[in-house]
Amino acid sequence: MNKIYKYAALLMMPAALMTTSSCTDLTETLYDQVASKNYYNTKDDVIRAVLRPFEHGFWSIQSRQVLNEETADQLITPTREDWWDDGGRWADLHQHKWDNKTGEAQSEFNGCYQGIGQANKVIEDLNNLTASKFGFSEEEFNNLKAQNHVLRAWFYLRLLDAFRNVYLSTSFYDQSKNSKEQVQPKEIFDFIEKDLKEALPLLTKKTSLGGNQKLEGQWTQAGAAALLVRLYMNAKVYVGEDHFADAERYAQAIVDGTYGTYAVADRWDAAFDWDNETCDEVIFAFPGSAGETHWHYKGDLYWWSVPSKANEWLNDTKNKEGSHNIKYSASPSYNPKGEKYTFELGMPIAQFKKYPSDVRLKMYTNLGNGRREGMFIYGKIKYTDADGNQQYLKDHHGTYVLDIRDAVGVFGATDGSKWLSTSESSIKHGDDNSGWMFAKYPLYSDNEKAQQLEADYCEIRLPEIIYSLAECKLRSGDATTAAKLLNTVRKRNYPSSDWSTVLYAPEGSASLDMKEMLAEWGREFFAEGRRRVDLIRFGKFQDAWWDKEADADKHTEIFPFHPEIIGAHKGMKQNLGY
């Protein structure tokens, strides 16, 4: 079904339905039903059913983003004077002091199981249908059936990562087939692996360059193989088994084109821009659009990674997302006195500045004609108001001109060239000037309505596979091949005149080791919802970073189950340490 997503508008559901759904009891009906025997009457009915769980999957990325970034070393939500304390919830996540009432963990558990329930229903329904009745070829129908197997594996991979000890639910209609208690992580691992391997050959393969328009929103062979890479890269963490050789094998096959034709884009932002369905770097993305759904342009993701009054500067006031808010910042590299920290972790802006000609360090600017440059937002932000007057962006109360810096403190109207007299800095005491902000996905103006909020959400892109392969090579002692692999991506981030110094040896003079490998994961995948996973794999999640002491043990590598989840499941046991 090469044009499966031309039907995407048919599956979009009201936001209220998505956000009020509950999944604390796996035996409940999780969404509105129509009896299957009455529902499947046309080809379009089948396609609608197949795609319905994908919309839920798109929505569910919000809780994963919070859990994987707020608990890690690169992103923070500091209290900004009278905003963003929220009972200390963001400080608790940053400092690894959360408890079993963590709402984000509850949302991740519920959201993933709701998606699994929806996928199970589709899988079972399609197993009782025949391709010819609805005008599908067997190949098309097998591809459709494989879609929800891969999506279900994607949900289970998130559960395994976040909780380890979870239920195995494989049937919507026959609850006796589902585990009554938590199963061992190895059983979930094996289930994911089996589902992906069986689905992979049934999926469509991208056969040429020129974008993903015909396969937009579908799991392809490369997408399923990429999930196997994710599973194997973290197998030592999940089940205590070293599967780096398996990760290397699948990653190499993807890079070699065995599972489809892909290529690294020539600019870093191509995979995030409004027309990223034309980007050959994208392996799997959830289709987004201003007129339908765009969950990555919501508060807990990229809509709140810019100043609260950014609408005045960006002139994006007329779209339906409303005002921005000043939630996310980069963790600081300097204390309020202007002294650089010496932490190995965190300090993402300093990590980018290790190679100062990095084009991503440019101030975010809309260039017109649906293009932008730069990823970060810092310093004073000058703009022209509706009357043609030059203005500077102010704080959320409009009392002082922003001068955003790579530090956390109560700076107020202090000019960015000046520092405070104290070195004390904490996530509980910041303001609107605390921490560089960022725009990973473009925030185009009302003058560019055709491009505004049109970017698809890029879940898997080719650089992840290249970086995974490079890490495997590095772990096995082949630093030269690892460096060359990373350089195939890194070249686009720096002017060619600097390649002799910024590329890794032997193609340049920069050195590569495991410490630098983790730093490079952080640069390339900054704010993409995976930092916690990488820190744990590298054995660094318990280490100290800005305003976080070293953890006493490893229990924070997984999250607790909320009391409501424990209460809804007989025999449910809390994860150790909570």
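Modeller: The structure holds 41 aromatic pairs, where rings of Phe, Tyr and Trp (its six-membered ring) pair if their centres lie within 6.5 Å, with planes under 30 degrees apart counted as stacked, over 60 as edge-to-face and the rest as tilted. One of them joins Phe-352 and Phe-526, an edge-to-face pair with 5.9 Å from centre to centre and 85° between the planes. This pair links distant parts of the chain, 174 residues apart, since Phe-352 belongs to helix α12 (residues 348-353) while Phe-526 lies in the loop between α16 (514-524) and α17 (531-537); helices (H or I, at least four residues) and strands (E, at least two) are DSSP runs, numbered from the N terminus. Phe-352 is buried, at a relative accessible area of 0%, and Phe-526 likewise counts as buried at 0%, where buried means under 20% relative accessible area, exposed over 50% and partly exposed in between (1.4 Å probe, protein chains only).

The model is a predicted one, in which local features need pLDDT of at least 70 and side-chain atom pairs count only at pLDDT 80 or more, whereas totals for chains, interfaces and linings use all residues. Residues are numbered from 1 along each chain as its sequence is written, and side-chain values use heavy atoms, with hydrogens and water left out.

Rings also meet charges here: the charged end of Lys-121 sits over the ring of Phe-172, 6.0 Å from its centre, and Lys-548 lies over the face of Trp-545, at 4.4 Å from the ring centre. A charge sits over a ring if NZ of Lys or CZ of Arg is within 6 Å of the ring centre and within 35 degrees of the ring normal.

Leaving aside residues up to four places away in sequence, His-562 touches Asn-100, Lys-101, Thr-102 and Gln-106, contact meaning heavy atoms within 4.5 Å. Val-282, in strand β2 (residues 282-286), counts as buried at 4% relative accessibility. With the residues up to four places away in sequence again not counted, the contacts of Val-282 include Asn-212, Tyr-262, Ala-271 and Cys-458.
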